[in-house]
Amino acid sequence: RCLSDWSSDVCSSDLGLIPAPVLTAPQPAPVLSNLKESARVWRAGNSLARISSRSRAKAPAVGTTFSFDLNEAASVTFAFSEPAGGRLVGRTCAPPSRTNARRRACVRTITAGTLTFPAHSTVNTVRFDGLISKRVRLRPGSYTLRVSASTAAGRAAEQAVRFTIAKG
């Protein structure tokens, strides 16, 4: 049972008076839009990913530039995944092995690596040559990039693009 007056809301219980719960509207998720890449097919290079506020007018022969818009500052994660062969075991697409070699073939998705960095509101550009870290490089093949932006309140938005790293 709650009592209300101009100064505060108070609820009563068998233990005495307790403050009424404060209801707050949930914070909206950040708006992540216009995810693009300067080149859909490109060659791997030797530079780590880096974010900048300037976009390049010309598509690079080595690497690509991903760009996206945010309506507010957020933590952004790039998750790179690639398709891989597998064998259907029950309802799961498992890695191929001797024991499941005769089962039906399927395609599974493997996360090749992730990058996380702070992004600002408005347009963000990320130059990417295929290096996830100093030791991890994406090899030639087809990939899906999932970009997710999350705020301190835990709200998130996501978009994806596909690209191919060509040999040599």
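**Ground rules.** I number residues from 1 along each chain as its sequence is written, and side-chain values use heavy atoms, with hydrogens and water left out. Because the model is predicted, local features need pLDDT of at least 70 and side-chain atom pairs pLDDT 80 or more, while totals for chains, interfaces and linings use all residues.

**Overall fold.** I looked up the secondary structure and found zero helices and 13 strands in the protein chain. Both are DSSP runs, numbered from the N terminus: helices are H or I with at least four residues, strands E with at least two. Of the 168 residues, 32% count as buried. Buried means under 20% relative accessible area, exposed over 50%, partly exposed in between, with a 1.4 Å probe and protein chains only. I also checked contacts, meaning heavy atoms within 4.5 Å. Among contacts with a separation of 6 or more, 68% join residues 24 or more positions apart.

**Thr144.** I found Thr144 in strand β12 (residues 141-150). Thr144 is buried, at 15% relative accessible area. Leaving out residues up to four places away in sequence, I see Thr144 touch Ala79, Phe80, Ser81, Ala160, Val161 and Arg162.

**Aromatic rings.** I get eleven aromatic pairs. Rings of Phe, Tyr and Trp (its six-membered ring) pair if their centres lie within 6.5 Å; planes under 30 degrees apart are stacked, over 60 edge-to-face, the rest tilted. Phe78 and Phe80 pair edge-to-face, 6.3 Å centre to centre with 70° between the planes. Phe80 and Phe163 are also an edge-to-face pair, at 6.1 Å and 85°. Phe80 lies in strand β8 (residues 74-89) and Phe163 in strand β13 (residues 156-166), so this pair ties together parts 83 residues apart in sequence. Phe80 and Phe163 are buried, and Phe78 is buried too. I traced a cluster linked by ring pairs; its members include Trp42, Phe66, Phe117 and Tyr143.

**Salt bridges.** I find two. The criterion is a side-chain nitrogen of Lys or Arg within 4 Å of a carboxyl oxygen of Asp or Glu. Glu82 and Arg139 meet at 3.5 Å, N to O. Glu82 is in strand β8 and Arg139 in the loop between β11 (122-128) and β12, 57 residues apart. Asp129 and Arg127 form a salt bridge at 3.2 Å, N to O. Here both residues are buried.
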